Amino acid sequence: MSMDLDKIREHVRGILEAIGEDPDRPGLVDTPDRVARMYQEVFEGIQYSNDEIAEMFNKTFPVTEGTKKDVVLIRDIGAFSYCEHHMALMYDMQVSVAYVPTDRVIGISKIARVVDMVCKRLQLQERIGADIAEIIGKIAGTEDVAVLITGKHSCMTARGIKNMPAETVTLTVRGAFEKDHNMRDQVLAVVKS
């Protein structure tokens, strides 16, 4: 389903009027169009299923013999998303993804692209982790995936309680990372180092 940019422009104009602004004043006259174009970019992931994202970034390479059980870890992937409850920004997010390849490894940049596309949806941080784990598992053909996310939520830092230092941390574990606490703890130690 594609975005209806005209409808977004119309509704943003209505929101400006509803909060008491003049949408025709010089500083706001182009705002409905700017917001529509921004939404088209930051919510691009809404139009794709997890299966489609897995197919889109399915660039893998054969595992070299002797490394089949080695953990691949990409840490500190910068990301942002928008909370589905307030449409508020989730920011300063750091995403770390670990997996144990079976027969193939994922191109490193593709992991960052998966994170980016998953975040381009109205989301919950917990679902971001689950979606990334599912997609990485599909691409790499493995159940052994872990995703650690830390981030700030403007629905908590800029409104309501306004607690600026608060961070949300989520850990999604699948397969061996769920079953083997030592393996999970080793990966977490590397991420935190």
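Helices (H or I, at least four residues) and strands (E, at least two) are DSSP runs, numbered from the N terminus. On that basis, the chain comes to 8 helices and 7 strands. The model is a predicted one, in which local features need pLDDT of at least 70, side-chain atom pairs count only at pLDDT 80 or more, and totals for chains, interfaces and linings use all residues. Residues are numbered from 1 along each chain as its sequence is written, and side-chain values use heavy atoms, with hydrogens and water left out.

**The chain as a whole**

Let's begin with the overall picture. Taken along the principal axes, the C-alpha atoms fill a box of roughly 65 × 35 × 20 Å. The chain has 193 residues, and 42% of them count as buried; buried means under 20% relative accessible area, exposed over 50%, and partly exposed in between (1.4 Å probe, protein chains only). Contact means heavy atoms within 4.5 Å. Among contacts between residues at least 6 apart in sequence, 69% join residues at least 24 apart.

**The sheet and its helices**

Next comes the sheet, where two strands pair if DSSP finds at least two bridges between them. It is an open sheet of 5 strands in the order β5-β2-β3-β6-β7, with mixed pairing. Its edge strands are β5 (122–123) and β7 (168–173), each of which pairs on one side only. Helix α4 (residues 108–119) packs on this sheet and touches β2, β3 and β5, its direction making about 20 degrees with that of β2. Helix α8 (residues 181–192), by contrast, lies across β2, β3, β6 (145–153) and β7, and runs at about 75 degrees to β2. For these angles, axes are lines fitted to C-alpha atoms, for helices over the stretch in contact, and values run from 0 to 180 degrees between N-to-C directions.

Strand β3 (residues 89–99) pairs with β2 (residues 72–83) in the antiparallel sense over 8 bridges, and β3 pairs with β6 in the antiparallel sense, also over 8 bridges. Within these pairings, Ala 79 has Met 93 of β3 as its bridge partner, Ser 81 stands opposite Met 90 in β3, and Met 90 in turn has His 153 of β6 as its bridge partner. Strand β3 is largely enclosed by the rest of the structure, because 8 of its 11 residues are buried.

**Positive phi angles**

The hairpin of β2 and β3 has 5 residues between the strands, and Met 87 in it takes a positive phi. Asp 76 is in strand β2 and counts as partly exposed because its relative accessibility is 45%. Asp 92 is found in strand β3 and is partly exposed, with a relative accessible area of 49%.

| Residue | Phi |
|---|---|
| Asp 76 | near 60 degrees |
| Met 87 | near 55 degrees |
| Asp 92 | about 50 degrees |
| Gly 141 | near 65 degrees |

**Helix α5 and the cores**

Gly 141 follows helix α5. This helix (residues 125–140) has 16 residues and reaches 23 Å from its first C-alpha to its last, close to the 22 Å expected at 1.5 Å a residue; the expected span is 1.5 Å times one less than the number of residues. Its buried residues include Ile 128, Ile 132, Ile 135 and Ile 136.

A nonpolar core is a set of buried Ala, Val, Leu, Ile, Met, Phe, Trp, Tyr and Cys residues joined through side-chain atoms within 4.5 Å. The largest has 31 residues, and those with the most contacts inside it are Val 95, Ile 132 and Ile 136. Elements giving two or more residues to this core are α3 (50–56), β2, β3, α4, α5 and β6, and α5 gives the most, with 7 residues. Leaving aside neighbours within four places in sequence, Val 95 is in contact with residues including Ile 74, Val 115, Ile 132 and Leu 148. A second, separate core of 10 residues includes Ala 98, Leu 148, Phe 177 and Leu 188.

**A buried lysine**

Finally, Lys 120 is in the loop between α4 and β5. Lys 120 counts as buried because its relative accessibility is 17%. Beyond neighbours within four places in sequence, Lys 120 is in contact with Glu 41, Val 42, Phe 43, Glu 44, Gly 45 and Ile 46.
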